[in-house]
Each structure stands twice: as C-alpha cells, then as structure tokens.
Amino acid sequence: MFTKIINNIRKNLVLYYLLLAGFLLRLIFATFPSFHIDADTNFAWSLRVVELGFGQFYAPDVWTNYTPGMIYVFYILGVIKNLFSLSSDQFYFLLKIPSILADIAMGFSVYKQLLETTTRKIAFVGLGACL
C-alpha cells in the first residue's frame, strides 16, 4: 500500500512541480500593483459585506454588480482582514489569492481533460499554457 502511494507520487512529480511553479509564480506577481479600479472595488465590497451583512450589501445607491457567490468569498476575506488586522497592502494581496487558486485549479482541470483524450506530453503542454 505504501509503495503504491510512493509510486503514484513519483509518477506525478512533474505535475506537482508544474502546479507548484505556477502557484509560486503567481504569488510573486501578486506583489505587483493591480488594476486599481478592480482592486479598490473588491476591497470596498469586502469591507462593505462584513460591515453591513449580506442582506444589506446590495443597495440601489451603491454599484455592486458581482454575483452572490463572489460576495461570500469577499466576506470571508474581509473577516480574515479584521481578524488578523491586515494592512491595506496585505489585504490587497489576500484579495488575489482566490483568483490564483482558481487559475491553478483550471490548469489542473485542463490537464485532466487533455489526459483523457491525448497523450500525457500534450496534457503537460496544455497545463503549461494555462500556468
């Protein structure tokens, strides 16, 4: 049983390294400034949903055009900001983490889909293109 797990890890080592490299590269790029309109909007919405709650978040006098699913993510991030007393720069970085994780998940999904219909080499090329 243990050797089967080790063999599976060895078999997929390149996959793990590519996913890790994509994740680390995105973390490095996340330290750079974002498009301020989007970043500031996400920042404000996160604070708004934590302060007012979900029932009062959407209002006719405030521009909020995101779907409720993303607002739940903003709420969680806003709670983390308040819980750990994050600075604005730290919070801007934290706001990028869900997108980074979604990118990695999408790359893995592309890899798995290509693996079903093509060779492993082509699946790695698809993963690399996504990352």
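The accessible surface of the chain, from the Shrake-Rupley method with a 1.4 Å probe, comes to about 8,900 Å², and 68% of this belongs to carbon and sulfur atoms. The model is predicted: local features need pLDDT of at least 70, side-chain atom pairs count only at pLDDT 80 or more, and totals for chains, interfaces and linings use all residues. Residues are numbered from 1 along each chain as its sequence is written, and side-chain values use heavy atoms, with hydrogens and water left out.

The chain has 7 helices and 0 strands, where helices (H or I, at least four residues) and strands (E, at least two) are DSSP runs numbered from the N terminus. The radius of gyration is 19 Å, well over the 14 Å that the globule rule gives for 131 residues, so the chain is more spread out than a compact globule. That radius is taken over C-alpha atoms, and the rule is 2.2 Å times the number of residues to the power 0.38. Along its principal axes, the C-alpha trace spans about 55 × 30 × 30 Å.

Contact means heavy atoms within 4.5 Å. Among contacts between residues at least 6 apart in sequence, 56% join residues at least 24 apart.

Helix H3 covers residues 36-52; its 17 residues should span 24 Å at 1.5 Å a residue, and the end C-alpha atoms are 23 Å apart, which agrees. The expected span is 1.5 Å times one less than the number of residues. Buried positions in H3 include Ala39, Phe43, Trp45 and Val49. The buried residues of this helix pack against H4, H5 and helix H6 (88-117). After H3 comes Gly53, with a positive phi near 90°.

Thr64 sits in the loop between helix H4 (54-57) and helix H5 (68-84). With a relative accessible area of 14%, Thr64 is buried. Leaving aside neighbours within four places in sequence, Thr64 is in contact with Trp45, Phe57, Tyr58 and Ala59. Trp45 is itself one of the buried residues of H3.

Towards the end of the numbering, Leu127 lies in helix H7 (residues 120-130). Leu127 counts as buried because its relative accessibility is 0%. Not counting residues up to four places away in sequence, Leu127 touches Leu15, Leu18, Leu19, Gly107, Phe108 and Tyr111. The C-alpha atoms of Leu127 and Asn12 are separated by 13 Å, although the two are 115 residues apart along the chain.

Technical notes. Buried < 20%, exposed > 50% of the residue type's maximum accessible area, 1.4 Å probe, protein only.
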